[in-house]
Amino acid sequence: MVKLTFYGHSCFAIDSEGKIILIDPFFTGNPQAPITADEVKANYVLVSHGHGDHLGDTIAIAKRNKALVIANYEVATYCQKHRVEAHPLHIGGGYSFPFGKVKLTIAHHGSSFPDGSYAGNPCGFLVSTGGKVIYHACDTGLFYDMKLIGDRNPLDVAILPIGGNFTMDMDDAAYAAGLLHPKVVIPCHYNTFDVIQQEPKEFKRKVEAETKAKCVILKPGESYNL
Ligand code: NI
Ligand code: MN
């Protein structure tokens, strides 16, 4: 079974037959985080880009759990410099790990580490595990190639940012859901900060009116079984 848990903002854990794949582990400083970085379990940590609300507690969590970081070359190298094991990938490339496959997809955004140094290109993730396919768009604006992602990879779940300001807003995210045509859409990257306030129920109404997907709103700490 595959279980998806939301930890607030853009952070999700995929529990696939006991292996935990954590994405964008922002706990310290995240007002939505239901647990602390010291409590979270992970076997793998996927990092979409260098911004503090995504790289977050990656180094501490990976060290404590002896987890493998999976990220682009620049983020993977940064983690290796901090004595964390990391597997570098790059956009369009994928690799089969013991739990399943991870492929990096494009994302239209920026990326630098908290000290301002270069962190390569930001990305989204396509994760195939336990017979399910999950797409996490991470931080991005709307792009038409989402159609390509959905057409080539029938998606069980698409996780989409809806907060606007730094990423797609709910109107663009609802359109994205149409391009991706997943079974289920889960919103993220909203209400963490003042400038990304959104009403997720309004997003759910839009998605279910405009597309065939079902929209599942998770509160931080809640899980959804695929
Ligand atoms: Ni960002
Ligand atoms: Mn962000």
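## Lys-19 and strand E3

Lys-19 lies in strand E3 (residues 19–23); strands (E, at least two residues) and helices (H or I, at least four) are DSSP runs, numbered from the N terminus. This is a predicted model, in which local features need pLDDT of at least 70 and side-chain atom pairs count only at pLDDT 80 or more, while totals for chains, interfaces and linings use all residues. Residues are numbered from 1 along each chain as its sequence is written, chains are lettered from A and ligands numbered from 1 in the order in which they are written, and side-chain values use heavy atoms, with hydrogens and water left out.

At 38% relative accessibility, Lys-19 counts as partly exposed. The classes rest on relative accessible area: buried is under 20%, exposed is over 50%, and partly exposed is in between (1.4 Å probe, protein chains only). Leaving aside neighbours within four places in sequence, Lys-19 is in contact with Ile-14, Asn-43, Tyr-44 and Phe-99, where contact means heavy atoms within 4.5 Å. Cys-138 is 119 residues from Lys-19 along the chain, and the C-alpha atoms of the two are separated by 21 Å.

Thr-58 is found in helix H2 and counts as buried, at 0% relative accessibility. Not counting residues up to four places away in sequence, Thr-58 touches Pro-25, Val-45, Val-47, Val-69 and Cys-79.

The loop between helix H2 (58–65) and strand E5 (68–72) holds Lys-66. Although Lys-66 is not a glycine, its phi is positive, at about 50 degrees. Lys-66 counts as exposed, with 74% relative accessibility.

## The seven-stranded sheet

An open sheet of seven strands runs in the order E7-E8-E9-E10-E11-E12-E13, with mixed pairing; two strands pair if DSSP finds at least two bridges between them. Strand E7 (94–97) and strand E13 (214–215) are the edge strands, each pairing on one side only. Helix H5 (residues 170–180) packs on the sheet and touches E10, strand E11 (157–161) and strand E12 (184–188). The direction of H5 makes about 155 degrees with that of E11; axes are lines fitted to C-alpha atoms, for helices over the stretch in contact, and angles run from 0 to 180 degrees between N-to-C directions.

Within the sheet, strand E9 (residues 123–129) and strand E10 (residues 132–136) pair in the antiparallel sense over five bridges, and Leu-126 stands opposite Tyr-135 in E10. E11 and E12 run parallel and are joined by five bridges; Leu-160 has Pro-187 in E12 as its bridge partner. Five of the five residues of E12 are buried, so this strand is largely enclosed by the rest of the structure. Val-184, Ile-186 and Cys-188 point one way from E12, whereas Val-185 and Pro-187 point the other way.

## The metal site

The manganese ion (ligand 2) has four protein donors: Asp-53 (OD), His-54 (NE2), Asp-139 (OD) and His-189 (NE2), lying 2.2 to 2.3 Å from the ion. Donors are N, O and S atoms within 2.8 Å of the metal (3.2 Å for Na, K and Ca); water is not among the atoms, so sites may look incomplete. In sequence, the donor residues of the manganese ion are spaced D-H-x84-D-x49-H. Asp-139 bridges the manganese ion (ligand 2) and the nickel ion (ligand 1), which lie 3.3 Å apart. His-54 lies in helix H1 (residues 52–55) and Asp-139 in the loop between E10 and helix H4 (146–152), so the pair ties together parts that are 85 residues apart in sequence.

His-189 lies in the loop between E12 and helix H6 (200–210). Its phi is near 55 degrees, a positive value in a residue other than glycine.

## The largest pocket

The largest pocket has a volume of about 190 Å³, a volume being the space filled by probe spheres set on grid points that are joined across faces, edges and corners. A pocket is an open set of points on a 1 Å grid over the protein atoms alone, where a 1.4 Å probe fits, with protein on both sides within 12 Å along at least five of seven lines; lining residues have an atom within 4 Å of a point.

The lining consists of 13 residues, of which Lys-103, Thr-105, Asp-145, Leu-148 and Ile-149 lie nearest the centre of the pocket. Strand E8 (100–106) and H4 are the elements that give two or more residues to this lining. E8 gives the most, with four residues.
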